[in-house]
Amino acid sequence: MLHDIIFAMGIGRIALGLIPFFAAKRSAALLGFPAAHDTPTTRLMARFFGVRDVGLGILVFYALTHPASLLFILGFNGAMDFGDLIAISI
């Protein structure tokens, strides 16, 4: 059961990372960003963060096959999310 939850977290992280590559305008609108903010620069930045999320999701799959690294990698994923929270709050 825990394995399935962690696997789903990896899938979700990768899906979240791929969205800016395939549906940037639609996803920005769903998140409530004004259409005026949809520029090539903001799309590029979204794709930079998307690449990061894909990488973090791949690390989760690595951890599932290397249990000794699982705690570190899940903590690392959590630290990235906490960093995002701090960046948002500034």
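The largest pocket holds about 890 Å³ of space. This is a predicted model, where local features need pLDDT of at least 70 and side-chain atom pairs count only at pLDDT 80 or more, while totals for chains, interfaces and linings use all residues. Residues are numbered from 1 along each chain as its sequence is written, and side-chain values use heavy atoms, leaving out hydrogens and water.

Let's start with the pocket. Rolling a probe the size of a water molecule over the atoms shows where empty space is left. Here a pocket is an open set of points on a 1 Å grid with protein on both sides within 12 Å along at least five of seven lines, and lining residues have an atom within 4 Å of a point. The lining of the largest pocket counts 26 residues, and P20, A28, L31, F33 and A46 lie nearest its centre. Two or more lining residues come from each of α1, α2 (24-30), α3 and α4; helices are DSSP runs (H or I) of at least four residues, numbered from the N terminus. With 7 residues, α3 gives the most to this lining.

Now for the rings. How many aromatic pairs does the structure hold? There are 2, and rings of Phe, Tyr and Trp (its six-membered ring) pair if their centres lie within 6.5 Å, with planes under 30 degrees apart called stacked, over 60 edge-to-face and the rest tilted.

| Pair | Centre to centre | Angle between planes | Type |
|---|---|---|---|
| F7 and F61 | 5.1 Å | 45° | tilted |
| F72 and F76 | 6.0 Å | 25° | stacked |

F7 sits in helix α1 and F61 in helix α3 (residues 40-65), so their pair ties together parts that are 54 residues apart in sequence. F72 and F76, by contrast, both belong to helix α4 (residues 70-89), where being 4 residues apart separates them by about one helical turn.

How open are these rings to the outside? Buried means under 20% relative accessible area, exposed over 50%, and partly exposed in between (1.4 Å probe, protein chains only). F7 is partly exposed at 39%, and F61 is partly exposed at 23%. F72 counts as exposed at 60%, whereas F76 is partly exposed at 33%.

Finally, the surface. M1, L2, I5 and M9 make a nonpolar patch of about 480 Å²; such patches join nonpolar side chains within 5 Å, from residues with over 30% relative accessible area and no salt bridge. M9 lies in helix α1 (residues 2-22) and is partly exposed, at 46% relative accessible area.

Methods. Patches are made of residues with over 30% relative accessible area and no salt bridge: like charges are joined within 9 Å, nonpolar side chains (Val, Leu, Ile, Met, Phe, Trp, Tyr) within 5 Å. Accessible areas come from the Shrake-Rupley method with a 1.4 Å probe; for residues, only the protein chains shown count as cover. A salt bridge is a side-chain nitrogen of Lys or Arg within 4 Å of a carboxyl oxygen of Asp or Glu. On a 1 Å grid over the protein atoms alone, a cavity is a set of points where a 1.4 Å probe fits but cannot get out, and a pocket is an open set with protein on both sides within 12 Å along at least five of seven lines; lining residues have an atom within 4 Å of a point. Grid points are joined across faces, edges and corners, and a volume is the space filled by probe spheres set on the points.
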